[in-house]
Amino acid sequence: VESLMALGRAHDALRMLRAIPEEERDAEVVADMGLIQLELGQRAEARRDLTRAEASRPGDPDTLAGLLVLDAAEGRTEESIRRIDAALLVRPGDAALHRVRALAAAAAGRDAEAAEHFQQALALDPSDGRSAMELAGLQARNGRPLEALGTYERALAASPSDADLHAARASLLLAQGDREAAIESYEAAIGSSATHAAARNELAYLL
């Protein structure tokens, strides 16, 4: 299923999971079905399966993130916040849960709260590139580009080969008018991942 998803064959992946007899599907299988259905736009089916998975395996960050997407689209973000907060009471040291909680706060328009949870996620897992990029994006949008650059630099110190982090830092540098530093950062992204399409495209444009 993971290989099929990597190849963009979500329908085939879903058919494979549905071929598993219902009595043999564990929470992980049901959650994966829900996440694939979410990607395919099958929202009612996605909510059904993700809700079932959450009931069987409470607090799974990927399941909670899928439910957050559905809740935010339906104006029910507070339901997700309550659900994630309940999970954090049990596992306060889970970096992935703090990242999902931050995304929920951002969806509710509570940027300061979102930043706090992204920072907690990074304190627990400094190599969490997704939280670093989300936090830096939040800081940049709120007129604090220097803080955003600091966030990228700390994250890159923990994960120096993260191509996405290098590319995101380059984009911010370019927005600040530092063309040469942006070129260096795009080159670092390509050095980490030679097939990084966005970095290659932006670097070609700059050169």
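Is T195 buried or exposed? At 70% relative accessibility, T195 counts as exposed (over 50% is exposed, under 20% buried, and anything in between partly exposed, with a 1.4 Å probe and protein chains only). This is a predicted model, where local features need pLDDT of at least 70 and side-chain atom pairs count only at pLDDT 80 or more, while totals for chains, interfaces and linings use all residues. Residues are numbered from 1 along each chain as its sequence is written, and side-chain values use heavy atoms, leaving out hydrogens and water.

T195 sits in the loop between α12 and α13, helices being DSSP runs of H or I with at least four residues, numbered from the N terminus. Step back into α12, residues 179-192, and you find 14 residues reaching 20 Å from first C-alpha to last. That is close to the 20 Å expected, taking 1.5 Å times one less than the number of residues. Its buried residues are A181, A182, I183, S185, Y186, A189 and I190, and they pack against α11 (163-175) and α13 (197-206).

Now hop from Y186 to L7: the two are 179 residues apart in sequence and 26 Å apart in space, C-alpha to C-alpha. L7 belongs to the loop between α1 (2-6) and α2 (10-18), and counts as exposed because its relative accessibility is 62%.

For a contrasting spot, look at D71 in helix α5 (residues 61-73). With 0% relative accessibility, D71 counts as buried. Beyond its neighbours within four places in sequence, D71 is in contact (heavy atoms within 4.5 Å) with R47, R76, T77, E79, S80 and R83.

Key:
Helices (H or I, at least four residues) and strands (E, at least two) are DSSP runs, numbered from the N terminus.
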